[in-house]
Amino acid sequence: MSRERIRLLLACLATLAVVLPLGYFWQQSRVPSTYSVMSMGYLDYGGGPRGQHAVATTSVRDLSVGTDRPADQVVDLVARRQTVTLASGRKVENGYTVNGTSPGPLIEVTEGDLLEVHLTNRDVPAGITLHWHGMDVPNAEDGVAGVTQDAVRRGQEHTYRFVADHAGTYWYHSHQVSHEQVVRGLLGPLVVLPNEPDPAVLDVPALSHSYAGTPTLNGREGDVPVPAEPGQRVRVRAINSDNGPVRVWVGGTYRVLAVDATDVHGPTDVRGWSVVLTAGGRIDLDVVVPNDGSAARVQVGTATALVIGPDGATAPSAPEPQRELDLLSYGSPAPLGFDPTHADRSFRYAIGRRVGFVRGKPGLWWTVDGHLFPDLPMFVVSEGDVVRIRISNSSGDVHPMHLHGHHAVVLARDGVRATGSPWWSDSLNVKDGETYEVAFVADNPGIWMDHCHNLKHAQQGLVTHLMYTGVTEPYRVGGSSENEPE
């Protein structure tokens, strides 16, 4: 064989050595036009028993508890695609509204109430759902297109019914094309009041959202006045509906009363510290209006603030503190109600990033345990299991990790054990280089999303699921239903 033919053969073999693996990985990255999330990736049993997942006896559509009685509150919500007009008059084109506004109306119920929500999609072309962020509702009411329901198409309606059995601060948002619909305004606040609220405490939700790059609080820019009497105690319910974390601080002394709808045990006074509020997260602050006729300033990010005090009162500026309050040691210890040292299942959720193909497209993508979407783990548990998850982040970016249907307690960060109040979270800010140990009891059967709440990251493949044994689901992503949860 001539040298030229040998060189040609070697060149062809070298080309095949490159092209064939690329073709293989490209093919493996593609997803069917319609599929069940239960068929994605691979099953991870976390060291627990295998095989039980094959005996599917309950559909997620049947996992609705305590709704066989008349509703205590009925709410009608209508979603539209339209221009959003902020309080300043600034207009945001191609937005979404709920009952004509964004954020949508505050839903306020009392602990133990059965809430019934009638959702109408007036003209949102891609369809909509409503997810009750942070509420551990039964799986059938979770509002995730293609997982717990079909998207509500234009002109259609859907009814949600669930018991608001835990007082706290929450919010609602669409979980259909969520990376686009939430950013453009399809969201609103939800508060569950305790059975015996203190009538002397003023309750003030503060929902942070950016419209086309403009930061707002409750849809208002800059300083937002809140009428209050001198000396009045105020519970500020800060909600972050954006894709990235914001810092919250007060120009004076305050206390952190709750994190992600769970009360802090033994909160103490804080001064000169900010609190990180992750994407999707909520923090309740206890603030007292000064007695000198001035107002209290609660800063949510650098561009927006609540100014709480008598009409016309001003609040002094409050420079951003250099120190961040560490919730790992804030407050005092209390019983967890279970023993996380004897876990039935232990999982690893290692977030990274590498070059590859996702949905047939080349790029730099997020990974979970070294795998790219759709070859991601399905975490399998059984009801009653004590579950531990080790969340690590070496991806180069921060990730607000959100597990649906459950609250997990933080046991440690970077090997340092929690020493303060039990830090229960459903939206956990995991910075690059950090590692968290969290635990929970699997007490809410279903199929639950476990994803980054930077919704662009989720749309790019940073999403897994938690699946209970014995549960199946009839819904499909894609197909004629056009379900697209992220």
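## Surroundings of Ala206

Once its neighbours within four places in sequence are set aside, Ala206 is in contact (heavy atoms within 4.5 Å) with Leu217, Asn218, Val236, Arg237, Ala238, Ile239 and Leu306. The model is a predicted one, in which local features need pLDDT of at least 70 and side-chain atom pairs count only at pLDDT 80 or more, while totals for chains, interfaces and linings use all residues. Residues are numbered from 1 along each chain as its sequence is written, and side-chain values use heavy atoms, with hydrogens and water left out.

Ala206 belongs to strand β12, residues 201-211, where a strand is a DSSP run of E of at least two residues, numbered from the N terminus. Ala206 is buried, its relative accessible area being 0%; buried means under 20% relative accessible area with a 1.4 Å probe, protein chains only.

## An open mixed sheet

In the order β6-β11-β10-β8, 4 strands form an open sheet with mixed pairing, two strands being paired if DSSP finds at least two bridges between them. The edges are β6 (107-110) and β8 (131-133), each with a single partner strand, so one side of each has no neighbour in the sheet.

Strands β8 and β10 (residues 168-173) run antiparallel and are joined by 3 bridges, and His133 stands opposite Trp171 in β10.

How values were computed
Buried means under 20% relative accessible area, exposed over 50%, partly exposed in between (1.4 Å probe, protein chains only).
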